[in-house]
Amino acid sequence: MKKIYILPILLMFFFSNCEKVVDVDVPSIPPKLIIDASFEVFFDENPVTANTVVKLRLSADYFDDVIPAALNATVFLTNLSDNSVINFSDTNADGDYEPINSFIPADNVTYELTVIYDNETYKGTATKIKSTPLTSVTQGDETLFSGNETELKISFKDDANEENYYLFDFTNNLFLAIEDRFFNGADYNFSYFYSEDDLKVPTAVKIKMSGITKEYFTYFRVLINQSGQNAGGPFETVPSSLLGNMINTTNEENFPLGYFHISETDTYTIFLEDKN
Amino acid sequence: MNPSKYIAFLFLFVAQIFFSQEKVTINGTVYDNNSNETLIGVSVYFPELKTGTTTNEYGFYSITVPKGNYKIQISYLGFKSIIENLNLTVNVTKNFKLEEETESLDEIIIESDIEKLNIKTPQMSVNKLTSATIKQIPVVLGESDIIKSIILLPGVTSAGEGASGFNVRGGAADQNLILLDEAIVFNSSHVFGFFSVFNPDVIKDVKLYKGGIPARYGGRLSSVLDIYQKEGNSKEFKLTGGIGLVSSRLLAEGPIEKEKSSFLIGGRASYAHLFLPLFDNDNTAYFYDLNSKVNYRFNEKNNLFLSTYFGKDVFGISDNFVNKYGNNVLNLRWNHLFSDKLFSNLSLIYSDYFYGLTLDFVGFEWDSGITNFNLKYDFKHYLNNTFTLNYGINNIYIKFNPGEIIPNRPDSGIQPEKLIDKYANEFAAYIDAEHRISDKLTLQYGLRFSNFTRLGQDELNVYANNEAVIYNQQFKKYESATPTGTESFSRSDVLASFNNFEPRFSLSYLLSDESSVKLSYNRMAQYLHLLSNTASPTPLDVWAPSGRFIKPQQLDQFAAGYFKSIKGGDYSLETEVFYKDIQNRIDYINGANLIANNEIETVILNGQARAYGLEVLLKKNEGNFKGWLAYTLSRSEQQTPGRNANEPGINQGKWYSTPFNKTHDLSLNASYELSKKWTFNANFLFQTGQPTNYPVGQYEVQGLNVPIFDDDRRNADRLPAYHRFDISATLTPEKNKNRKWQAEWVFGIYNLYGRQNAASINFRQNRETLRNEAIQTSIFGIVPSVTYNFKF
């Protein structure tokens, strides 16, 4: 199935004891605009709410401590079905742009995100992607390698009528992107293991499951891989640039990074005990 | 040149040479007198005629000389030579049995003759290793290893400790043809590359061809690693074995019918996992391999060999994760002498490689593999003492299983899926001449014709405009096309067919009795591609055949060398330069997922590669102190341009380093025989660090910190240089003398000064400090070892 499952396991076994932090001189490029606009519609809540923040940042050198915010940008969303405009503002001057009047992205509507920053205009479009509620989230008793992992058992019912892609956020920057290719239409269940380094139990964690596009799935799979959060070592895929779905309409060559995406998201908060 | 003309020309040549003065042919087989094992590469030399030959892979020789009274000298490294007077008036068959040498004074003379022959033969770019050399080289955990040994030779590097495969002259790991008793071996490593799959006790002879590859080999571009196993002692029953820290070996061999037929069965298994339960650990990791052989010598003209190899790796973490892979080889060979000048070998070979994975916590099992059936018929025709012809045919039928997913428990929710099997047939015919033009000039020239036919399969994907990869102008990236449909074919349908003529040419010119220059050119075609986009190959990697979307790889290699034997063969110097040009080397679009991908053509871009370099090998062959110094200066690059002006390709279409581009590669191997009791051995290796990619910046998406990699500087950075020093000492107890039980202890220290060599450097955010870090992974620190070897 996905490399993401296999490689970390091989790696942990062999290499976990022979890693060390080293000093490396890394190359540098002029800062790029980062547009991180992953909207989430919490469809299983009553009433339905949404997270519609557009985070604008500037890329930094790899070992810089701070990723600077991109301030004074003009940000707005156009509903392409009726050409209505939703304006965003950065009230806290921290680069997090929020709609002036809160809104819930509608079904089957394409939204165009426009960002004007430093006299250059960036655009991208997205349509809300359907998801499915989590059927159950429970803590299991199994462990994986070290014997100290915490098992999380997840189940949900996949929609048989279409190709689905899901993104799981297990908190602490632990993400998992999966596709329904091997379980289309099934009551699917799988286990996720938190290593003791990833999560200290007992604690409460909030699990998020989002429906995503195929393109965002491909993008995020590589993103997780390149973030190094659950892999590493010589079996790592050769890294490459990761372009999202926003384009610079003023100056094509100065492409931005990041992604504009709208998903349906279900959340579940579970208290994990220390079973070891 | 038109190939049919070329062949006609060859035969014309042959016919001319036939009708000269009255001649006689002497042929036979050379054996080791102790075991009756045939010996490969033994020099059969007529000093008065200054002519000679060497025994082939089955110990056979044939030489034609004018009638007369001559001295014949049979010599082989490590054996006492035989000098006999022969009165040759009629054709004779004469077998020789060589006695293993203890200490003899005439040894120097003999070996200098061997060196002279090596200087004369046009074959260049070839390195030989014997089982004895391999066993002496210090290795990690005391496990002697062919692959780790050949890395000490010039032009050979590895992707590092814990990486499968090896790289020859800047070629990829999938470009090595590895033959075990003529059978193709697809995966050469155990435990992800820590150990090789070849049991050193069973090995008789190892040859590595890096260039000037003779026409009888084909199907891979960069090298041929030709390994022959022992046939088994047909005189007496023998047990050989060794006990090491990681694994133990046992080899039993003996006659079935004395001097006619013998068997050999050898096994090797690791056992570290047996101790794991003691530590309350239910993980498991082990490997084993089993070699068995039977041969029967019907008469002087007919010989039958049956051999098998089974090797497997199992690596599991409780029941949650089980990873299994291995090779199987079954091989039946028949040697037949049609006449005293015409030797033939017919081989029927089955070999496969499988990879299996069970992930219980996700609820599935994954199986993939490659299977092939190979029929080979090779002839060696010793026409006269200046002309030998090799010709033959080779047909391989290959079935590829790119993968199958099977739910492993009833409640898994995973649905079975079978990736579409692929089928192909590879046929080749070759003719190759070894031709001595004069005392100084010897040529080897030949031609191989190869045809690859991709056979019909179920559900072949069809794409709009026949484009499986599309370039998205808007987002400036390559994307996989979605198939517009599928076509199904019957097995006998031809989906694609490729023909290649592969000329081979080598020349040696003797400058003096002690030095020669050699030139060679070879063209090779490779129809199989190992799909891998990780920094180092892994056992998961799947082989894919050429077809409608993936073109066959093709290589042209030129090499030139200067060879010198110094002080009558005490020292030898081999220097070579090479240039390689490779067409249709594949690379992958950004973010390509190669695992369980049924549409692999949608992530592949075709490109080219080149490599060039200089190799120097200085050897000391004689005395208590022996060894070699190998140095290679080289460059290996590839280029994947856009398919049209609107596309950038990879790295903006510019040349970039291959992952195995190592500028400097130095290895030093030395052995010193202090006394009958103690022998010391040492290695030093230095390699330029492996090309890698460092991030040019960072950003965050959904709170996840991600490094930015720049496509315009692919493989532009390098890991720190790799170097280490190893030593070993072999103790042969004195009480061995006149005793049946022979034993030795090998003590070793790998990486003596504890260099933390980087296998990789990865970039990630520290969970605690939230600061970005560069993490270096290294595999081995100092590793001491002890091995006990025995024989009785």
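Predicted model: local features only at pLDDT ≥ 70, side-chain atom pairs only at ≥ 80, totals over all residues.
**Entry 1: the domains of chain A**

Chain A falls into two parts: domain 1 covers 3-15 + 132-241 + 266-272, and domain 2 covers 33-129 + 244-262. I looked up the distance between their centres and found 26 Å, taken over C-alpha atoms. Where they touch, domain 1 of chain A gives 10 residues and domain 2 of chain A gives eight residues.

I then asked myself which elements supply at least two residues each on the domain 1 side. They are strand E15 (203-212), helix H2 (214-227) and strand E17 (257-272) of chain A. Sorted by class, that side of domain 1 of chain A holds four nonpolar, four polar and two charged residues.

**Entry 2: where chain A meets chain B**

Next I turned to the contact between the chains, which takes 68 residues from chain A and 69 residues from chain B. On the chain A side, I noted the elements that each bring at least two residues: helix H1 (3-15), strand E1 (19-22), strand E2 (33-42), strand E14 (187-194), H2 and E17. The largest share, seven residues, comes from H1(A). The residues of this side of chain A divide into 38 nonpolar, 19 polar and 11 charged.

I was pleased to find strand pairing across the two chains as well. E1(A) pairs with strand E52 (residues 772-777) of chain B in the antiparallel sense, over four bridges. In this pair, Glu19(A) stands opposite Thr777(B).

**Entry 3: a sheet in chain B**

Staying with strands, I traced an open sheet of five in chain B, in the order E9-E16-E17-E12-E13, with mixed pairing.

Leu179(B) stands opposite Asp226(B) in E17(B).

**Entry 4: the nonpolar cores**

Last, I looked for nonpolar cores. The largest has 159 residues, and Ile35(A) and Leu56(A) have the most contacts inside it. I listed the partners of Ile35(A), leaving aside neighbours within four places in sequence: Val54(A), Leu56(A), Val115(A), Tyr122(A), Met246(A), Pro256(A), Gly258(A) and Phe260(A). Apart from that core lies another, of 32 residues, including Tyr31(B), Val42(B), Tyr61(B) and Leu383(B).

Note on methods:
Residues numbered from 1 in each chain as written. Chains lettered and ligands numbered in written order. Pairing = 2+ DSSP bridges. Domains from an automatic or database assignment. Contact = placed C-beta atoms within 7 Å. Nonpolar A, V, L, I, M, F, W, Y, C, P; charged D, E, K, R; others polar. Core = buried A, V, L, I, M, F, W, Y, C linked by C-beta atoms within 7 Å. Buried ≥ 20, exposed ≤ 12 C-beta atoms within 10 Å, placed from the backbone.
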